[in-house]
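Here are some notes to read beside the model. Please keep the structure open while going through the points.

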Amino acid sequence: MAERAELPLASTTYYFTSLDDLVTEAVRYEAGEELEAGRRRLEQLTEEHRGTETVTELMLDLLLGVRSRDGGVEPVLLRYERLVGAPRRPYLAPLMRELSAQLHDLLAEILAHCGMEVGRDRMFELIALVDGTVVNALNESDPDPRGAARRMLRSQLE
């Protein structure tokens with residue numbers, strides 16, 4: 001892990017008691033940054049920027065990551081590898097549940113702010129729609145999985 005991060009091993013073992021601790025803090029940090037960026041964008045929404053297009057892009061940023069905006073498979077693939085790989089690390093389960101709840105709350109707040117009240121079940125449907133579309137796009141070697149997800153999500157929000 002230290003080698004991949006291009007850090008001396010001593011610097012990672014000094015700050016973290018185990019590899020599990022390091023991975024947990026890395027996931028917590030990355031997700032926290034993404035959620036905070038989403039909250040800042042929500043605060044900046046004005047009346048004229050509350051339409052379907054804005055909601056779609058905000059949701060995709062939170063579900064696929066901001067780096068997916070530039071197109072291509074790599075940023076989306078890395079994100080899904082992280083999400084799919086988390087269950088292989090049972091120690092991450094409580095953190096992943098906490099982060100998922102925060103994400104769902106923020107998505108609901110964004111939708112409500114833009115006049116699109118959705119219940120818990122509808123939120124899960126929209127997230128599943130994005131996830132399913134992205135996995136299918138990756139499976140078909142679609143060069144723009146975010147674009148595929150954008151089209152599907154937009155059709156459901158209009």
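**Notes on the fold and its core**

1. Over residues 51–156 the chain is 74% helix and 0% strand, and the end C-alpha atoms are 13 Å apart. Helices (H or I, at least four residues) and strands (E, at least two) are DSSP runs, numbered from the N terminus. The UniProt annotation "domain: Tetracyclin repressor-like C-terminal group", from an unreviewed entry, covers these residues, 51–156. UniProt positions follow the numbering used here, feature names are shortened, and annotations may be inferred rather than shown by experiment.

2. This is a predicted model: local features need pLDDT of at least 70, side-chain atom pairs count only at pLDDT 80 or more, and totals for chains, interfaces and linings use all residues. Residues are numbered from 1 along each chain as its sequence is written, and side-chain values use heavy atoms, with hydrogens and water left out.

3. The protein chain has seven helices and zero strands. Its C-alpha trace spans about 50 × 35 × 25 Å along the principal axes. Of its 158 residues, 35% count as buried (under 20% relative accessible area; exposed is over 50%, partly exposed in between; 1.4 Å probe, protein chains only).

4. The largest nonpolar core has 34 residues. Such a core is a set of buried Ala, Val, Leu, Ile, Met, Phe, Trp, Tyr and Cys residues joined through side-chain atoms within 4.5 Å. M59, L107, L111, V130 and L157 touch the most other members. Helices 2 (19–44), 3 (52–64), 4 (74–85), 5 (93–113), 6 (120–139) and 7 (145–157) each supply at least two residues of this core.

5. Which residues does V130 contact, leaving aside neighbours within four places in sequence? They are L60, L63, L64, Y80, A149 and L153. Contact means heavy atoms within 4.5 Å.

6. V134 lies in helix 6. V134 is buried, with a relative accessible area of 0%. Not counting residues up to four places away in sequence, V134 touches L64, V76, Y80, P145 and A149. The C-alpha atoms of V134 and E74 are separated by 12 Å, though these residues are 60 apart along the chain.

7. The axes of helix 5 and helix 6 come within 11 Å and cross at roughly 100 degrees. Axes are lines fitted to C-alpha atoms, for helices over the stretch in contact, and angles run from 0 to 180 degrees between N-to-C directions. The two helices are therefore roughly perpendicular (65 to 115 degrees; under 35 is roughly parallel, over 145 roughly antiparallel, the rest oblique). H104, L107, A108 and L111 in helix 5 meet M123, F124, L126 and I127 in helix 6.
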